[in-house]
Amino acid sequence: LTAPGPICYVHFMEKVDGLLEGAASRGVTIRQCKIGDVLRGSSKAIIDLAEVAAQRLELAITGAYEWARTIIVDTHTEAWEVVQLAKLGGLTPDTKDEDQVRKGQLVYAELNARWASMMKEFRINGVKYNRTNLIFIGQTKAEYRKVAGSTRAEATGRTVSAGQKQMSFHMDVRLRTYYKNGVYSATCEKPWFNDAMRGFEFSGDDMLNFPVVMSMITGTDESEWK
C-alpha cells in the first residue's frame, strides 16, 4: 500500500479494513473489489459460482488499468483456486468428473493460458495506461521432499510459494516477506534485470516500501515510483 495511488485492491474477503483505512488516511485513493462466495454443492454448482468470481477478477483488473496507478491482488493463491474451480469444480483429482480426468493436461493447458492472460494484459495495458503497477500477494506452504527409497515425503522445515507454479516466471520482481522480533523485512528473490540485488534484504519501514524497493532494484530515482 506504499505503491502510488489510485489503487485498485482486489481481494478475496481478506481482513483489510484497518489497513486500507490507514492508507486512505495518508491521502491514497483506494477502491476495493471483493470477490468470494460460498463454494459448495455439486461440481456443476461450484463451477457456475466460481466462473462468476473468475470473471469478476478478470474484469476488475482489466477495468482498473483505465484509472489506477496500482492494482493489487490479495492473494494470487486464492485467485488461482477460483480459476481452477471455474473449470474443474474441485482442486483435487477425486473431485473432478471423469470427463475432466480424461482431458488431463489439456485441461490445465487451458487453465494456464487463462491465468497467463492476466500477466500478458499487463505487458500491454500497464504501459498504455499511465504505467500501472500490478502487484500480487501470495501465500506460502510447507515444502516436502521425497524420502530416498520410499514413496513417503517429509517436511524440510522450509516454505515455498503456494499457487500457480509459473508465478515466479511471470513476475519482474519477487520478494519473500518475513516478520521477526518486531521487524518486517523482505528478501529479493527475483530482481528484474539487476541480478546484483538477488538475495538483498530490505528491512524496516524506511527500506520496505514500494518506491525505495523499486528505485534500488532499477537504479532509478524514488520519485519515478511514487
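A salt bridge is a side-chain nitrogen of Lys or Arg lying within 4 Å of a carboxyl oxygen of Asp or Glu. Side chains of opposite charge can pair when their charged atoms come close. The structure above is a predicted model, and by this rule the count comes to 10 salt bridges. Let's visit a few of them together.

Start with Glu 58 and Arg 114, whose side chains meet in a salt bridge with 2.7 Å from N to O. This pair links distant parts of the chain: Glu 58 sits in helix α2 (residues 43-64) and Arg 114 in helix α5 (residues 105-128), 56 residues apart. Glu 58 has 21% relative accessibility, so it counts as partly exposed. Arg 114 is also partly exposed, with a relative accessible area of 22%. Now look for Glu 51, because Glu 51, Glu 58 and Arg 114 are linked in a network of salt bridges.

Next, turn to the strands. Glu 143 forms a salt bridge with Arg 158, and the closest N and O atoms are 2.9 Å apart. Arg 158 is partly exposed, at a relative accessible area of 44%.

Our last stop is the salt bridge between Glu 189 and Arg 176, at 3.5 Å from N to O. Glu 189 lies in strand β8 (residues 183-191), while Arg 176 lies in strand β7 (residues 173-180), 13 residues apart. Arg 176 has 16%, and buried means under 20%, so Arg 176 counts as buried.

Note on methods: Residues are numbered from 1 along each chain as its sequence is written. This is a predicted model: local features need pLDDT of at least 70, side-chain atom pairs count only at pLDDT 80 or more; totals for chains, interfaces and linings use all residues. Side-chain values use heavy atoms; hydrogens and water are left out. Helices (H or I, at least four residues) and strands (E, at least two) are DSSP runs, numbered from the N terminus. Buried means under 20% relative accessible area, exposed over 50%, partly exposed in between (1.4 Å probe, protein chains only).
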